[in-house]
Amino acid sequence: RRSAQGASSRESALIRALRAAFFDEDAQALASINKLASEKAGPAVLKHIAMAILFHACRARGDEPRARQAANALWAEAESARKHLEAMGERTLGGGAFERVLVKSGVKEKAAATR
């Protein structure tokens with residue numbers, strides 16, 4: 001029987017930084033998360049998770065400009081991955097139709113939030 005593989009050092013560092021950013025409100029933890037989100041090497045999934053964490057951490061602290069930057073960076077990564085898959089011949093989630101649904105739902109959410 002094989003045992004489950006443990007977390008890598010980068011994953012452990014991300015978890016520690018996540019805890020420090022949200023529970024200890026440590027500014028250095030945000031810098032660690034930002035570093036993990038901007039690394040070129042390593043698994044892309046870890047980078048994307050770090051970007052999402054950075055977005056939520058900045059938003060929770062009320063730092064909307066940095067939260068917007070993190071969200072835009074994550075969106076750019078997703079668009080790049082989608083284009084790469086399409087170039088390889090893979091079918092993605094409806095192409096432009098999926099984007100129109102996102103835009104429409106965003107408008108509805110904004111309208112509901114302002115009521």
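This is a predicted model: local features need pLDDT of at least 70, side-chain atom pairs count only at pLDDT 80 or more; totals for chains, interfaces and linings use all residues.

User: Why is lysine 47 called buried?

Analyst: Lysine 47, which has its place in helix 3 (residues 44-60), has a relative accessible area of 15%, and because buried means under 20%, lysine 47 is counted as buried. Leaving out residues up to four places away in sequence, lysine 47 touches Leu36, Ala37, Glu39 and Glu77.

User: How do you know that the length of helix 3 agrees with what its residues should span?

Analyst: The expected span is 1.5 Å times one less than the number of residues, so the 17 residues of helix 3 should span 24 Å, and since its end C-alpha atoms are 24 Å apart, the two values agree. Just after helix 3, glycine 62 takes a positive phi of about 85°.

User: What makes alanine 70 buried or exposed?

Analyst: Alanine 70, found in helix 4, has a relative accessible area of 8%, and because the cut-off for buried is under 20%, alanine 70 is buried.

User: Which residues is alanine 70 in contact with, leaving aside its neighbours within four places in sequence?

Analyst: Alanine 70 is in contact with Met51, Leu54 and Phe55, which are among the buried residues of helix 3. The C-alpha atoms of alanine 70 and histidine 56 are separated by 9.0 Å, although these residues lie 14 residues apart along the chain.

Definitions and conventions. Residues are numbered from 1 along each chain as its sequence is written. Side-chain values use heavy atoms; hydrogens and water are left out. Helices (H or I, at least four residues) and strands (E, at least two) are DSSP runs, numbered from the N terminus. Buried means under 20% relative accessible area, exposed over 50%, partly exposed in between (1.4 Å probe, protein chains only). Contact means heavy atoms within 4.5 Å.
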